[in-house]
Amino acid sequence: MSKDIKRVAVFTSGGDAPGMNAALRSVVRSGGFYDLHVYGIKRGYEGMIEGELTRLERSDVSNIIHRGGTFLKTARSERFRTPEGRKLAYETLLANDIDACIAIGGNGTFTGAHIFFQEFGVPIIGIPGTIDNDLYGTDYTIGFDTAVNTAIEAVDKIRDTADSHNRVFFIEVMGRHAGFIALNTGIGSGAAYVIIPESERSLDDLVEELQRSVKRKKLFSLVIVAEGSKLGGAAQIAQQVQERIPSYDIKVTIIGHLQRGGSPTGQDRVLASRLGHAAVVGLLEGRHDVMVGIVNDQITYTPFEQAIHQTKVPNADLQRLAEVLAT
Ligand code: F6P
């Protein structure tokens, strides 16, 4: 193990995700276990620029494993995108004798971390925390499972009213450019159709499928739309379907930021705890400029370069399954 790293700073950045607190707890407690001094930076890279840094003891992370959000708060920093902003951030780390950082976030966070490492050589390990599950190098990201469960719970409720009124609902879920949340929500909620950015299914396919289900005497339907769909958002698609089938009673629901909050599921808490520990161990083993992940239940370290630029696509079997089960 490396003897050089003694003081580690941890921060959350980008969109929050349920389980980030559990990851922070794991970093602080694991750091303490291996005799590191752990510091928390508020509001991600913004706080690093502003010098908002405090020592975190094990008691500071008591009673947070079950809480959504991030107690360190988060931000999408415009200033960190500039060389001047990054220089100020580096000066904060220098002034506080920080030897290494752990960044909890998504693609944007790791893009910043990678540039920062190239410019200043600060060892950084990333922990994937985003509801979108869109990072290459890990089977799951922290927050994804909770977001899917939240979306399924919402769709279950919509199902009741859709059934009562014989309506077709278009339900939009988050995911930015990826369809993981939509696909898992669709399968988990028994949706009639799932529209994701990674699929080539067209509006004609959707209309045909809806008409087929009417022939099967199915009087209501639930269509899950990923916000990044190539066919447009739920409202846009609903409008086009309404034009093609005027007899349908169509409604649109956008679940939105509900998916970002709430108590993390057991799966997210365990994932966050494992990744937090593995990030600390990775730093002590001399790893940096990498994202820690779990692939096939094994801890892995993927270079930021790959995690950022390689695309993870939803499992083709799952896409097929969603189609088969809807018939
Ligand atoms: O990356 C997480 C995410 O919730 C995406 O699914 C969504 O597109 C985006 O963040 C929304 O960002 P904001 O909360 O800044 O509007």
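So, contacts along the chain: taking pairs at least 6 apart in sequence, 76% join residues at least 24 apart, where contact means heavy atoms within 4.5 Å. Keep in mind that this is a predicted model, with local features needing pLDDT of at least 70 and side-chain atom pairs pLDDT 80 or more, while totals for chains, interfaces and linings use all residues. Numbering runs from 1 along each chain as its sequence is written, and side-chain values use heavy atoms, leaving out hydrogens and water.

Okay, overall shape. A compact globule of 327 residues would have a radius of gyration near 20 Å, and the chain's 22 Å agrees with that; the radius is taken over C-alpha atoms, and the rule is 2.2 Å times the number of residues to the power 0.38. Along the principal axes, the C-alpha atoms fill a box of roughly 70 × 35 × 30 Å. Of the 327 residues, 53% count as buried, meaning under 20% relative accessible area with a 1.4 Å probe, protein chains only.

Now, what's inside? There's one cavity of 30 Å³ or more, a cavity being a set of points on a 1 Å grid over the protein atoms alone where a 1.4 Å probe fits but cannot get out.

Helix 11, residues 316-326, gives the largest share, three residues; helices here are DSSP runs of H or I, at least four residues, numbered from the N terminus.

Terms used: On a 1 Å grid over the protein atoms alone, a cavity is a set of points where a 1.4 Å probe fits but cannot get out, and a pocket is an open set with protein on both sides within 12 Å along at least five of seven lines; lining residues have an atom within 4 Å of a point. Grid points are joined across faces, edges and corners, and a volume is the space filled by probe spheres set on the points. Helices (H or I, at least four residues) and strands (E, at least two) are DSSP runs, numbered from the N terminus. Buried means under 20% relative accessible area, exposed over 50%, partly exposed in between (1.4 Å probe, protein chains only).
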